[in-house]
Structures are given as C-alpha cells and as structure tokens.
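Subject: Structure handover

Hello,

Here is the structure we discussed. Please load it before reading on; my notes follow below.

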Amino acid sequence: MPDNDYHFIDRWRVEGNIKEVADIVEDALSLPVWWPSVYFEVKELEPGGEHGIGKLISLRAGGWLPYTLRINFRTTEVRYPNGFSMDATGDLEGKGIWTFEQEGEQDERSVSVTYDWTIRANKTIIDKLSFLLKPIFRSNHNWTMKRGEESLKLELLRRRAQTSEELARIPRPPGPSLAYFIFRLTR
C-alpha cells in the first residue's frame with residue numbers, strides 16, 4: 001500500500017433499531033450537532049434523491065491532530081436502512097461504505113455498524129509525512145471513530161428521551177480536541 005493510502009474498517013455496536021441508526025448517520029447535515037468532536041462545518045451542495053442518493057456534501061473535519069480536512073462526499077449507493085456508500089474528494093479521496101445490521105431479539109436489540117473507509121491522502125501534510133507518521137495518522141482516525149461511536153450512542157438516547165428531565169440527564173457529545181482550540185482550527 002503506498003504511503004499515503006489508508007484502509008480502515010471500524011465496527012460499532014449500539015443499542016437500538018436499524019432505521020433510527022440509519023436516519024442519524026445518513027443525515028450529513030446533522031453531523032456537527034451529534035458528532036461535534038470531528039465535524040465542524042457541513043454544507044449540502046446538491047440535495048440528491050430519496051435517502052440522499054446523489055447528494056453532494058462539503059465538510060470540514062478534524063481529529064486530535066492540529067489540522068483540518070476539507071472533503072466532499074457524494075452518496076453513490078443507498079441500501080436503506082442497511083447502509084450507504086459514498087465517494088470522497090478533496091483532502092482525502094476514496095470510498096466509504098457504511099453498513100448497518102440489526103442484531104438480537106425483540107427486547108435486546110442492537111445494531112452492528114461497520115464503516116469501511118479506503119482513501120488516499122491529498123492534504124500536503126498527510127501526503128508528505130505519511131511514510132513517517134502513518135501510525136499517528138491511524139491513531140487520529142481511531143480517535144475520531146471512538147468519538148463517533150460515543151456520540152451516536154448519546155444521540156440515540158437524546159432522541160428517545162421522553163421528558164425534558166430525562167433529556168437534561170444525557171451528557172453532551174464530546175467536543176473537539178484541545179488542539180483545535182489552541183490553534184483556533186474550529187473556525
């Protein structure tokens with residue numbers, strides 16, 4: 001694999017049903033609300049069709065390292081509620097495949113979430129330093145995905161809250177890393 005190519009397969013398990021998970025993850029415009037540690041800015045450039053097929057999204061994202069990424073995602077395949085695929089261009093170029101599988105019995109339901117992400121780094125800092133810093137860039141990715149799983153679990157709890165008191169007891173999702181505030185990258 002060339003130094004600036006990456007392949008990640010991430011797996012989450014969350015309590016819930018497949019449709020509520022699919023509705024959250026496929027709604028790119030809500031990413032800064034429920035996953036604010038990673039997604040700072042999201043804009044819809046083209047709306048696309050049912051469940052977002054053909055939708056084009058522009059976003060600014062980051063992790064714990066002090067840089068941001070600008071990426072465009074186009075939804076290329078929809079398998080609602082079982083997932084979707086998207087192509088990325090910009091600072092990262094490649095393909096992302098989200099897969100959702102319902103597991104468990106009626107009373108103990110969970111969703112297995114898999115994200116298969118194959119990319120090439122186009123951002124100069126990643127491209128030029130990948131040969132040396134690939135483990136650190138992988139660690140940055142792992143940090144972002146851990147925050148994503150935690151944030152998705154919290155968003156599911158928020159959406160299920162029955163009262164304002166119950167909603168108030170649910171913690172806010174984790175915010176951006178300290179590096180983003182120090183280097184003023186969240187603007």
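Lysine 134 puts its charged end over the ring of tyrosine 6, at 4.8 Å from the ring centre. The test for a charge over a ring is NZ of Lys or CZ of Arg within 6 Å of the ring centre and within 35 degrees of the ring normal.

Some housekeeping. This is a predicted model: local features need pLDDT of at least 70, side-chain atom pairs count only at pLDDT 80 or more, and totals for chains, interfaces and linings use all residues. Numbering starts from 1 along each chain as its sequence is written, and side-chain values use heavy atoms, with hydrogens and water left out.

**Asparagine 140**

Asparagine 140 is in helix H3. Helices (H or I, at least four residues) and strands (E, at least two) are DSSP runs, numbered from the N terminus. Asparagine 140 counts as buried because its relative accessibility is 7%. The cut-offs are under 20% relative accessible area for buried, over 50% for exposed, and partly exposed in between (1.4 Å probe, protein chains only). Its side chain reaches the backbone nitrogen of tryptophan 64 at 2.8 Å. Neighbours within four places in sequence aside, asparagine 140 is in contact with Gly63, Trp64, Leu65 and Tyr67. Contact means heavy atoms within 4.5 Å.

**Helix H1**

H1 spans residues 18-25, and its buried residues are Ile18, Val21, Ala22, Ile24 and Val25. They lie on the same side of H1, because they cover an arc of only 165° around the axis. That arc is taken over the directions from the helix axis to the C-beta atoms. Their cover includes strands E1 (5-15), E5 (83-90), E6 (92-103) and E7 (110-121), plus helices H2 (31-34) and H3 (124-160). Asparagine 17 caps the N-terminal end of H1, with a side-chain oxygen 2.9 Å from the backbone nitrogen of lysine 19.

**Aromatic rings**

How many aromatic pairs does a search of the whole structure find? It finds 11. Rings of Phe, Tyr and Trp (its six-membered ring) pair if their centres lie within 6.5 Å; planes under 30 degrees apart are stacked, over 60 edge-to-face, the rest tilted.

- Tryptophan 34 and tryptophan 35: tilted, 5.3 Å centre to centre, 35° between the planes. Both are buried.
- Phenylalanine 84 and phenylalanine 100: tilted, 6.4 Å centre to centre, 55° between the planes. This pair links distant parts of the chain, strand E5 and strand E6, 16 residues apart.

One aromatic cluster includes Trp12, Trp34, Trp35, Phe84 and Phe100.

Best regards

Definitions and conventions. A polar contact is a pair of N or O atoms within 3.5 Å; within protein, one must be able to donate a hydrogen and the other to accept it, and residues adjacent in sequence count only if both atoms are side-chain atoms.
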